[in-house]
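Please look through the sequence and the structure shown here before reading the notes, and keep both in view as you go.

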Amino acid sequence: MAITNNIEADVKIKCIEADVTQQQLGKSIGSTGQYISRLIKNKEGIINKTFVKIMETLGYDITLTYTKRHEKPNLDDLLS
């Protein structure tokens, strides 16, 4: 696969930085921590397989860039 990021590590690090568990993150998006874990372990669950094939065929690797928003997320919403 042509995704250069380690999505699993990236999500785990961002959760640690936000002091949020995968379970809490899952709940905040109407899902579960187990689902979040499955998604980040299987990159194709996050990045469309067809898009990856198109970019690979065109000779590109995919690198995701994370840009922190200026406003902070409402962590109370995540934790409630």
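The notes below begin with the whole protein and then turn to two places in it.

This is a predicted model, and every value given here was computed from it. The secondary structure of the protein comprises five helices and zero strands, so that reading along the sequence gives the pattern α-α-α-α-α.

**The protein as a whole**

- Of the 80 residues in the protein, 21% are buried.
- The protein exposes about 6,100 Å² of area, and 53% of this is supplied by carbon and sulfur atoms.

- Gln22 belongs to helix α2, which covers residues 22-28.
- Gln22 counts as buried because its relative accessibility is 19%, and the cut-off for buried is under 20%.
- When neighbours within four places in sequence are left aside, the residues in contact with Gln22 are Lys12, Cys15, Gly33, Ile36, Ser37 and Ile40.

- Ile54 is located in helix α4, which covers residues 49-57.
- Ile54 counts as partly exposed because its relative accessibility is 44%, which falls between the limits of 20% for buried and 50% for exposed.

Terms used. Residues are numbered from 1 along each chain as its sequence is written. This is a predicted model: local features need pLDDT of at least 70, side-chain atom pairs count only at pLDDT 80 or more; totals for chains, interfaces and linings use all residues. Side-chain values use heavy atoms; hydrogens and water are left out. Helices (H or I, at least four residues) and strands (E, at least two) are DSSP runs, numbered from the N terminus. Buried means under 20% relative accessible area, exposed over 50%, partly exposed in between (1.4 Å probe, protein chains only). Contact means heavy atoms within 4.5 Å. Accessible areas come from the Shrake-Rupley method with a 1.4 Å probe; for residues, only the protein chains shown count as cover.
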